[in-house]
Amino acid sequence: MNIAITRTTNPKPHPEESNLGFGQYFTDHMFLLNFSPGKGWHNARIVPYGPLELDPATMTLHYAQEIFEGLKAYRGIDGKIRLFRAIENIRRLNRSNERLCVPLIAESDFMQALTELLHIEESWIPSSPDTSLYIRPFLIATDPFLGVRPSDTHLFIIILSPVGSYYANGISPTSILVEDEDVRAVRGGLGCAKTGANYAATIRAQDKAKHKGFTQVLWLDALEQKYVEEIGTSNAFFKIAGTVITPPLNGSILPGITRMSVLDLLRHWQNRLEERPISIDEVIDAANRGLLEESFASGTAAVISPIGSLTYKGKSVEINEGKIGALSQKLYDTLTGIQWGKLPDPFGWTTHI
Ligand SMILES: *Cc1c(COP(=O)(O)O)cnc(C)c1O
């Protein structure tokens, strides 16, 4: 793939690394790639970051035929730039594309686009501890048309955002509200695809929980509102009487790459592990009997986010006295150690760019 490069004549000042937050600063350039029938994916280009011009009838704006990904580039303690299991992100993007009737992108084209963009934007990868460059690849359906059908044309874009340490004041356990009205995704729907449409369904409950003082919501299954699905936009884990339990990928749960890595590590360490449906009643009952030793959420943004308390139908249970558990800490230290090159990478998860 030939990528045409137009460099900005107006580079932005870089933000203070101590105050990056999440997703509020963007780098100088972005990658674009068009799809149209006959031509396939074409017109690969890196151009100055800026607004897109879209017809108001652009299909993605009306019917949410959209897909996104999220991964990070890390500046290691050895100065080298690493990606973590990036190949899994392009594979997941293509699985989402399949679900949403969007043509697949060649793995090698995705990796080339990402690598060339990162080379141009290398100075934007922050170097303070626990900071990184968040990578947001996404796809929008671009036919100007108000009928409902798969779009014929698409635009694939990669933008980059330097982000701060998720835990500015050290890892702090979250308070979680179990949502028993709204649901996130239903089997047969879009839950297993990373698409904006899933998020639209969640913002009301998230907002309600925030206003009540909770950090996040725990999502129950849409059919019976009985089984745990996800926590916020992360995958859910519970350690009960020594066994780690996580819900299976049943079609309505997003297959997290952090989730996959946690499972790989737990198997490698020979922890007791079960991928099976787990009801909220089982979790609360285990907590009441003192058997719920740890709970955490996994995702690219926070890596491992320990759960300090769960509130369900007006009653709260505290987990591990509201402190991070030993296993959560070990998983966090191992994953972040590999990502920033502080630990060896025996699994070959990282690639240097
Ligand atoms: C992205 C995402 C996750 C986490 O996936 P990672 O690959 O681990 O970042 C979990 N749940 C939802 C709904 C997501 O969108």
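Predicted model: local features only at pLDDT ≥ 70, side-chain atom pairs only at ≥ 80, totals over all residues.
Ten aromatic pairs were counted in the structure. In one of them, Phe 31 and Phe 156 are arranged edge-to-face, with 6.2 Å from centre to centre and 70° between the planes. This pair links distant parts of the chain, since Phe 31 belongs to strand 2 (residues 29–36) and Phe 156 to strand 8 (residues 154–163), 125 residues apart. Another pair, formed by Phe 237 and Phe 296, is stacked, with centres 4.8 Å apart and an angle of 10° between the planes. Here too distant parts of the chain are linked, Phe 237 lying in strand 12 (residues 234–240) and Phe 296 in strand 15 (residues 292–299), 59 residues apart; Phe 237 and Phe 296 are both buried.

An aromatic ring also takes part in a contact with a charge: the charged end of Lys 330 sits over the ring of Trp 269, at 4.0 Å from its centre.

The structure holds 20 salt bridges. Among them, the side chains of Glu 181 and Lys 208 meet at 3.6 Å, N to O; Glu 181 lies in the loop between strand 9 (174–179) and helix 4 (196–211), and Lys 208 in helix 4, so the pair ties together parts that are 27 residues apart in sequence. Glu 181 is exposed, with a relative accessible area of 57%, whereas Lys 208, at 31% relative accessibility, is partly exposed. A salt bridge network links Arg 85, Arg 259, Asp 264, Arg 267 and Glu 275.

Technical notes. Residues numbered from 1 in each chain as written. Heavy atoms only, no water. Phe/Tyr/Trp six-rings, centres within 6.5 Å; stacked < 30°, edge-to-face > 60°. Helix = DSSP H or I, 4+ residues; strand = E, 2+ residues; numbered from the N terminus. Buried < 20%, exposed > 50% of the residue type's maximum accessible area, 1.4 Å probe, protein only. Lys NZ or Arg CZ within 6 Å of the ring centre and 35° of its normal. Salt bridge = Lys/Arg side-chain N within 4 Å of Asp/Glu carboxyl O.
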